[in-house]
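I opened my notebook to look up aromatic rings and pockets. My entries follow.

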Amino acid sequence: MLSSRFFWKLYAGYVLLVVIAVTVVGYLISERIATDMIADTERALHVRARLLEPIATPFLANGDYADLQERVRVLGADVATRITIIREDGIVIADSDEDPMIMDNHGARPEILAAREDGTGMSTRFSRTVAANLLYYAVAVRQAGRLVGFVRTSLPLTAIQGRIGRVRRLVALVGFGAAAFALVLGLVVARRVTAPLAAMTTAAESIAGGEYGHRVPAASRDEIGLLGSAFNRMAGELQERLATITEDRTKLLTILGGMTEGVLAVDGEQHVVHLNAAAGRILNVSPTDSLGKAIWDVTRVRQVSDILERAVEAQTDVNDELTLEVDGHRRVVQLHGAPLADGQGGLVGAVLVLHEVTELRRLETVRQDFVANVSHELKTPITAIRGLIDTIVEDPRMPAETQDRFQKKIQSQSIRLATLVTDLLTLARLDAAEGLLESEPVDLRDVVRATVDHFRADAEERRVNLVAEVDGDPVRVLGDGEALGLLCNNLVDNALKYTPEGGSIWVRLRANGAALIEVQDTGIGIAAEHLDRIFERFYRVDKARSRELGGTGLGLSIVKHITKAHGGAVTAESTLGVGSTFRVRIPLEPQTV
Ligand code: ADP
């Protein structure tokens, strides 16, 4: 309160007013009283002189002054006034306070000179006779029109001045008291006026600082009270509106933040006003650091600032596609820019939606490659079969031996075709049913043994030593028995295909936290640069050799798919010319862990 400038301004003005008013009024009153008192004294001296006039006249006219001095002394003492009777020539013949014999000639005294002229005269002067300031009043005494002398009455001014002084002191005291009272009252009033204003200022400052719950007391019914309640209403409304705006904004930010599409908005000067998390991720920038900065400085991607500019200039939606290189990874992003208008339709900036389509594009490429591969793989045996059949049909005289050879070729090509189609169908089935394979307890010992049994004759024929190393205890997993059989078959089939005569193949099964199927061979091995890619569809290290051996390039891809569908992982280890080891790890059935 005491720090309120308004309070001090108001109070200082009030103090000044009170002090001036009291001083002026006090001064005027005391002056008035002093003037009145002096006038009263003059009147009293005049009356007394007039009353003395008839008494003094016979003495002055006759020139007989016996008894006069005594009477004047008694009278003067009675009315507490100095009385002096002066002859026309200025000689004092009686004086109530002094012996006239020793008094000077009074003819030249100002009051006497004035009375001689005008009949009455007044003067204020220091009297050496009584040694005090006196107010003199002289009246000319005439006898039959002839001036015979003067009657002079006088009173000491000290008495009047003492009275005036007392009056002035009283006026000053009353004025001071009134002023003090008025000042205290003013303090209270100023406080009452400024206190609500100060409270409103504090509240307004708090509200401006974000504390919207602040209110001011508004009990009085005067204008200040009304102002207070209007202020409170305004603050309440502001709080409500802000709450709504904040809620809407939070909702909007949550929605924008949760979007997989990147959203960024710029103002008319191309400064970022919003950039959601997805946009930050796609463009590899920090959303919080970007706010308020020029879009070009934030992204350094010409296409992004261009599309925003184009959207504003053309006032229409603009689309583009952008390829970014972020941390060594290529990102393909679809851009959709649109102008941003305010409520009145004025352009205030632009918004850009970024949709990352890298994976989509990759899948498209994979699909296109796959289709091209499939067509090519199918075309080869079909062309071969057609050629052989055409030759047979066109040459009826073909020797039976050649025909037989051709027919065998047709048979092998059709087997290849069938294998290819079967593998493709298996892959298609696995693709479609990812995660939806049969889920039943399967003892992998049965699966591994069945596979080894299946290939035993083959192995013997190729003079390859096929060994099964299976634990005594059951190794149970949850899964699809048929698919797991196919997985083992493919691995052993490969091992047989790529292991020359006299080699060995070990098929091992262990439970070591997870089920582990290991197929190791002493075959041709795989060079390190191919090892990463052999699980890709149609990837073959040596195409011609694979074809010759009846491979489709899909076997390991199927193995990978099946392993993944069982929540496991497959790895390959190989040394060129020494042999390869494939390891499949699948989680055990929960209760057997
Ligand atoms: P394919 O039908 O050609 O065998 P796969 O997908 O089963 O196709 O295998 C892909 C490629 O991996 C093969 O072409 C072959 O080059 C290589 N490969 C797979 N298994 C072995 C192995 N045990 N030893 C050497 N190379 C192998």
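I looked up F535 first, and F535 counts as buried at 12% relative accessibility. Buried means under 20% relative accessible area, exposed over 50%, and partly exposed in between, with a 1.4 Å probe on protein chains only. The model is predicted, so I noted that local features need pLDDT of at least 70, side-chain atom pairs count only at pLDDT 80 or more, and totals for chains, interfaces and linings use all residues. Residues are numbered from 1 along each chain as its sequence is written, and side-chain values use heavy atoms, with hydrogens and water left out.

**Aromatic pairs**

I searched the whole structure and found six aromatic pairs. Rings of Phe, Tyr and Trp (its six-membered ring) pair if their centres lie within 6.5 Å; planes under 30 degrees apart are stacked, over 60 edge-to-face, and the rest tilted.

F370 and F538 make a tilted pair, 5.6 Å centre to centre with 40° between the planes. F370 sits in helix α10 and F538 in the loop between α14 (528–531) and α15, so this pair ties together parts 168 residues apart in sequence. Helices (H or I, at least four residues) and strands (E, at least two) are DSSP runs, numbered from the N terminus. F370 is partly exposed at 23%. F538 is buried at 5%.

Next I took F535 and F582: their ring centres are 6.3 Å apart and their planes at 75°, so the pair is edge-to-face. F535 lies in the loop between α14 and α15 and F582 in strand β17, so the pair links parts 47 residues apart in sequence. F582 is buried too, at 8% relative accessibility.

I also noted one aromatic cluster, formed by F7, W8, Y11 and Y14.

**Charge over ring**

The charged end of R537 sits over the ring of F370, 5.2 Å from its centre. The cut-offs are NZ of Lys or CZ of Arg within 6 Å of the ring centre and within 35 degrees of the ring normal.

**Second largest pocket**

Which residues lie nearest the centre of the second largest pocket? I found V366, F535, E536, R537 and S557, among 19 lining residues. A pocket is an open set of points on a 1 Å grid over the protein atoms alone, where a 1.4 Å probe fits, with protein on both sides within 12 Å along at least five of seven lines; lining residues have an atom within 4 Å of a point. The largest share of this lining, six residues, comes from α10.
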